[in-house]
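Here are a few friendly notes to read alongside the model. Please have the coordinates open as you go through the points.

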Amino acid sequence: MADNIEDVIIIGGGPAGLAAAVYTSRATLKPLMFAGAPYGGQLMLTSEVENYPGIPTIVGPELIERMREQVREFGTRIMDQNVLKVDFSKKPFKITADKDYLAKSIIIATGAQALWLGLESEQKLRGKGVSACATCDGFFFKEKVVGVVGGGDSAMEEALFLTKFASKIHLIHRRDSFRASKIMQERVLNHDKIQVHWNTEILKVLGEQHVEGVSLKAEGKTSDLKLDGLFIAIGHKPDTDLFKGHIELDEKGYMLTNATSALAGKKLPAFNPKFQTGTSVEGVFAAGDNVDHVYRQAGTAVGMGIEAAIDAERWLEETAT
Ligand code: NAP
């Protein structure tokens with residue numbers, strides 16, 4: 001059994017969790033962070049980051065290392081372990097990793113993962129022309145030819161965003177119709193830089209050091225298409241399985257907070273507008289891509305992590321006995 005009760009345990013060691021750690025450790029709450037194994041989240045798989053304010057260019061893993069160094073300086077204890085079980089049914093809350101840990105408050109920042117096609121060639125060229133984020137990497141494809149895979153709103157949005165940089169976008173979709181909203185479909189279909197390939201499957205991403213193209217299959221025939229980059233936009237999955245049945249999630253598995261549920265016209269059982277990042281369990285806060293399926297940026301995750309830290313700090317103050 002745990003011998004002491006932590007003020008705050010942070011689950012997740014990406015930008016949202018680390019930002020929450022900066023604030024809670026500076027507030028002398030001595031946070032204990034379970035950063036996961038491997039730690040760091042999606043930024044660990046990102047090459048150049050050029051859109052993090054104040055840092056003109058940095059590779060994703062270095063940004064994470066700098067944040068880890070910063071939070072350790074302020075007294076955060078980081079454990080590079082996965083949490084195996086949670087129990088939020090009574091206070092103090094219980095977290096199980098190598099052993100049980102107790103805490104008065106919890107900040108969940110477990111993030112999300114982009115879905116991938118699952119091809120070996122795709123994984124080999126990730127960060128070498130294969131990306132799941134046009135906002136992050138589109139800039140590197142000025143006047144280049146790129147592919148986008150998917151038929152949902154994300155794929156439409158990525159393709160349209162890429163028209164600002166690329167000279168040509170091949171939108172590759174496995175069926176004969178899009179599931180994206182009509183307005184987005186129309187914008188894509190009417191854009192002269194975007195060519196749609198219907199009923200088309202990607203068999204292989206071509207290239208050794210960098211993406212050089214894709215091998216496609218359409219109507220039983222295979223062909224190669226030359227590309228400089230390939231954006232996979234087939235959806236994301238929040239890392240929230242551990243919390244099913246413990247806090248309220250939406251139908252896609254994203255965590256509902258006071259802010260997001262209010263936007264959806266619902267109120268959580270522990271609704272308190274003062275704590276925007278509060279979840280359905282009072283004292284459990286959530287931040288980052290496990291909540292946000294819209295913006296999904298390191299900078300926005302950091303912002304929400306800071307909000308969660310301030311909420312936890314204020315809530316602990318209010319409930320202190
Ligand atoms: P989504 O709606 O689930 O669409 C995923 C797309 O990827 C589908 O077209 C699907 O094909 C395709 N796909 C899935 N697995 C595939 C595979 N293995 N190989 C090839 N294609 C595959 O995901 P999303 O586009 O990320 O959108 C998620 C949610 O966020 C939606 O509710 C969306 O409306 C919302 N969103 C809104 C906006 C906006 O309003 N601006 C922007 C982005 C996202 P099938 O169609 O054949 O299943």
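1. Strand 15 and strand 16 (residues 221-226) run antiparallel and are joined by six bridges. Strands here are DSSP E runs of at least two residues, and helices are H or I runs of at least four, numbered from the N terminus; two strands pair if DSSP finds at least two bridges between them. L216 has S223 in strand 16 as its bridge partner. Two residues separate the strands of this hairpin, where E219 has a positive phi near 50 degrees.

2. A word on the source: this is a predicted model, in which local features need pLDDT of at least 70 and side-chain atom pairs count only at pLDDT 80 or more, while totals for chains, interfaces and linings use all residues. Residues are numbered from 1 along each chain as its sequence is written, and side-chain values use heavy atoms, with hydrogens and water left out.

3. On its other pairing, strand 15 (residues 213-218) runs antiparallel to strand 14 (residues 200-206), again with six bridges. V214 in strand 15 stands opposite V205. Six residues lie between these two strands of the hairpin, and G207 in the turn has a positive phi of about 125 degrees.

4. Do have a look at D289, in the loop between strand 19 (284-286) and helix 8 (298-319). What does the D289 side chain join in a polar contact? The partner is the side chain of Q42, at 3.0 Å; a polar contact is a pair of N or O atoms within 3.5 Å, where within protein one must be able to donate a hydrogen and the other to accept it, and residues adjacent in sequence count only if both atoms are side-chain atoms.
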